[in-house]
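Hello,

Here is the structure I promised to pass on. Please take a look, then read my notes below.

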Amino acid sequence: MTARAVTARNKHSSRRGAGARTGARALTRHTRGALFGVALALAGCGNAAQQSSGLSQEELMDPAVCGSCHQEHYREWSGSMHAYASEDPLFVALNQRAQDEAQVGPLCVNCHAPLAARTGATTDGTNLASLPARLKGVTCFFCHQVDQIEDSHNGSLHLANDNVMRGGFAGAIPNSAHASAYSPLHDRNQLESAGLCGSCHDVVNGHGIAIERSFAEWKSSAFAASNGNTCSQCHMDKSPSQVAIADVAGAPLRDEHSHEFPGVDLALHDFPEADAQRQAVQNLLDTTLQTALCVRGSGSSASIMVVADNVAAGHKWPSGAAQDRRAWFEVTAFSGNSEIFHSGNVPLGADPTSLADPDLWLVRDCMLDDDGNAVNGLWSATSVDSNLLPGQLTFDKSSPLFYQTHVMRLFPHDPLASLSAFPDRVTLSVHLLSFPLDFFDDLFATPERLGLTSDAVAAIRSQLTPLTLGQELVWTAAAAADTAHGGLRYVDQGTPVACVTTTGMNAAADKIAAPEHAAAACGN
């Protein structure tokens, strides 16, 4: 395995961090209340010789029943976006708009409440509020009943419906709740397991346009090779020690895998494990990019260069619902006590697309209709104009593809422009907003139609705040000269370049220009 692959693996294996998980952490009130109602059903989670035959399918569909034996897994899942998938007000509003405008039927609910769709309890997801909890969200039963991947997108997964819970371990001991079986689709160390996640994390709309492409992006990356990482290896951290993963007499010690499933999104109202969820997402994002901050030239001809490398996402960045993501780079330069340049200064509560900032480096998918107009609803898109950061193409440093993910952007963006003076200090921060605020305001313009009050909508909107990846990177001439701590000086075609990094990036290596949107309607 190359050093690059080892680095990526090490970053992923250490992402959980303080506060994201605490093995024997006490259950929340929400979890304890849910478990109380099913305590008698499992009668202590004894083995099959001591207890009656397995639970009914309806009982196994209830995650709280699973939590009676798998308490830690249930606690983590209960605060995940999988548990939140059909309660998320953004999903509810988006699905309602999609049904109103395009009658998309089960397109969204196939993944956001798959058991409700498969049991016929819903046809379009507009009645989810009236359904029992066991049919909402992405549940234990749904994932662990998958025995076949039928297609690569739109939740095309086949359920066995045999009450055999599938997992990544062989040799499960008998128990009174359910039968167990090993499945490579649930084994994080098998590349084919990525298809189980990918079937819901790739979305194709009614026009045949691939709106979400995380799985396809992964398949084109170095992470899909034998020395890469699967979805679960990045999004389901492995515990540093083996534990009994079920409260069953004689349960063997196993590697425990977190069921927090951190990505980008966060719960937007009162929901269990909110602090742990935010910390897990922050830990994941903090290790995704390598960056370098450079000053090119000298005197009054200086400019700023930012280099970013998506080293650890395993797909493009940002990915998933990238049409709703807003990632941007904030760059500020000072000369003495004066600010001489600033790009990416987005006021809290504003959307970055609203800025009159010609230098803004904004990364997102931009969806277009047949007339070339930018649209927000994924059901309306007939094409996608994307400038996402590419995923890793190879871990082989001898390959010319190795540096094709070193993406470079100049500030000011006009190649003929320069700073008004040579800077004493330059700062770089990377921000990511999970959902566009301008589209939020449009979706919730009539909150009563969604069963919400104006105050409730304002409270939800206030929680849509950007996350900042890692620490602010600070350039000074002294820091660029400190080669022992990430400083680097070199000459590029006769132009002096001085750089700083805290992530080990070689800013002097080959680079490509940052991808740009082609359509004028997409702006930055």
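**A buried leucine**

Leu360 counts as buried, because its relative accessibility is 0%. This is a predicted model. Leu360 sits in a loop, with β12 (338-343) on one side and β13 (361-363) on the other. Gly344 is 16 residues from Leu360 in sequence. In space, the two C-alpha atoms are 5.5 Å apart.

Next, β14, which covers residues 365-368. Are its faces covered or open? Both faces are covered. Asp365 and Met367 are buried on one side. Cys366 and Leu368 are buried on the other.

Which strands pair with β14? One is β16 (residues 383-386), joined to β14 by four bridges. The two strands run antiparallel. Here Asp365 stands opposite Ser386.

Another is β15 (residues 374-375), with two bridges to β14. This pair is antiparallel as well. Leu368 faces Ala374 across the pairing, standing opposite that residue. β14 and β15 make a hairpin, with five residues between the strands. In the turn, Gly372 has a positive phi of about 80°.

**Confidence**

The average pLDDT of the chain is 90. A score of at least 70 is reached by 90% of the residues. Residues 1-44 have pLDDT below 50, and the model gives this stretch 95 contacts beyond near neighbours in sequence. Residues 46-52 also stay under 50. For that stretch the model has 14 contacts beyond four places in sequence. Where pLDDT is low, predicted coordinates should not be read in detail.

Best wishes

Conventions. Residues are numbered from 1 along each chain as its sequence is written. This is a predicted model: local features need pLDDT of at least 70, side-chain atom pairs count only at pLDDT 80 or more; totals for chains, interfaces and linings use all residues. Side-chain values use heavy atoms; hydrogens and water are left out. pLDDT is the predictor's confidence in each residue, from 0 to 100. Contact means heavy atoms within 4.5 Å. Buried means under 20% relative accessible area, exposed over 50%, partly exposed in between (1.4 Å probe, protein chains only). Two strands pair if DSSP finds at least two bridges between them.
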